[in-house]
Amino acid sequence: MTRNIPREELDLQLPFYEKVRQHYMNTKPESPPLACIRTFGCQQNVADSEHIKGMLAQMGFGFTEEVEEADFILFNTCAVREHACDRVFGNVGALKHIKRRRPEVLIAVCGCMVQQPHVAEKLKESYPFVGLVFGTHVIHRFPELMWQALNQRRQLSVTPAEDGVIAEGLPTHRDGTFKAWLPIMYGCNNFCTYCIVPYVRGRERSRDPEIILAEARELVAQGYKEITLLGQNVNSYGKGESHGVNFAELLRRINAIPGDFTIRFMTSHPKDASRELFDTIAACQKVSRHFHLPFQSGNDRVLKAMNRHYDRRQYLDLVSYARKVVPDISFTSDVIVGFPGETREEFEDTLSLVKEVGFTSLFTFIFSPRKGTPAAEMDDPVPMKTKTAWFQELSALQEEISAERLAQLVGTEQRALLETAEDGYIEARLASNSVVRVEADPALVGRYATIRIDDARSWIMHGTVLSVE
């Protein structure tokens, strides 16, 4: 059952904000302390880091990208794939020399990865110079935990095993000025056999729709041009809640907020993607025509072994209906190659589904066993060499499809958000989520523009700015 942290409990953190502030005023009176925050993994982790930065700002911190300059170093971690975990351990290990030279530096590791008991134990045994380790369910207690870590010599580790909470009203220090992340729910109930997320993020819990709407209105008033709604499975927003607002209705209400902005969302689960949702996208002008809908495998036996709760035909029917009511919709997806026991014939079902749908792009991964999940215990006879060859075959196929899809846009005029500037170019993102590179003044970043598509490659297009809004 969802537990909302009462305001009175959050207010217990207020004295710790001041205690940490005073600590650094006493130990570093010449300048404000600096924090370096490194975030790994999904956009939900990014949103969590923005809350942590908000709390640090209230404790008097400024921010730096350089660990050598920082008084406080935090790694916010991801547990989805083994490579991400290995990368974190490598980065944490590299901080040992900083701690040796500057013992006063506080090093912390938080997030999904440390919510796994074996990881927390490894940090304790092999990385004792890390002063603070905390999991996904106690971010609202960060000021208290930081104060405690500053005042003890041994590592403080707080990783409670619970279904999670919702803490509203945490301060936020946003990384962007025109794109914002807006969590609408936390956790996951799906328990796909390969996925560690339900174990480290807890069960599904949805935020109150009125609080979400108030935050969305504030973002629009502040001039944000793109709002991305976040959840492990946004399509199941509101399930089991008394307010009666499902995800489609939430989209309609946010779409009704006055202003010129785009609504995006991630991530969707096919078993909960309804026809009502696609009808809503068709009716809501501000909702992006891009839909990220992970299918993971094109084979029914593999999907069942993954515990995905849909089959190939159901997925293709969803895509067909979506294209009927939203003709300009684009699809991207996630695919796991080499799931335990997958045969060549079953992998070919994935290839055929990719050809049939014609995705704009794919995020493809070779199966990564996660300790504590059912798939990690399954027989896996296919050698990595074979899986790698399959992965390359799938990537080559998708590259061809992406090139064909982008080529269809050449000569058209598209509205896009000018996002990032580098070396005299700006990369702009279309409503379909495709990227076009244009020559333009970097001062235009954050504005919408009409762009003529002049050329297309496999993953990116080149164009000309015709007008700027």
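Which elements each supply at least two residues of the lining of the second largest cavity? In this predicted model, local features need pLDDT of at least 70 and side-chain atom pairs count only at pLDDT 80 or more, while totals for chains, interfaces and linings use all residues. Residues are numbered from 1 along each chain as its sequence is written, and side-chain values use heavy atoms, with hydrogens and water left out.

A search of the whole structure identified two cavities of 30 Å³ or more, a cavity being a set of points on a 1 Å grid over the protein atoms alone where a 1.4 Å probe fits but cannot get out, with lining residues having an atom within 4 Å of a point. The largest cavity holds about 220 Å³ of space, a volume being the space filled by probe spheres set on the grid points, which are joined across faces, edges and corners. Its lining comprises 14 residues, of which Asp48, Thr136, Ile139, Val165 and Tyr186 lie nearest the centre. The elements giving two or more residues to this lining are α3 (43–58) and β8 (165–166), helices (H or I, at least four residues) and strands (E, at least two) being DSSP runs numbered from the N terminus.

The second largest cavity holds about 50 Å³ of space, and the elements that each supply at least two residues of its lining are α3 and β9 (179–183). The largest share, three residues, comes from α3. The lining consists of Ala47, Glu50, His51, Thr172, Arg174, Trp181, Pro183, Arg207 and Glu215.

Note on methods:
On a 1 Å grid over the protein atoms alone, a cavity is a set of points where a 1.4 Å probe fits but cannot get out, and a pocket is an open set with protein on both sides within 12 Å along at least five of seven lines; lining residues have an atom within 4 Å of a point.
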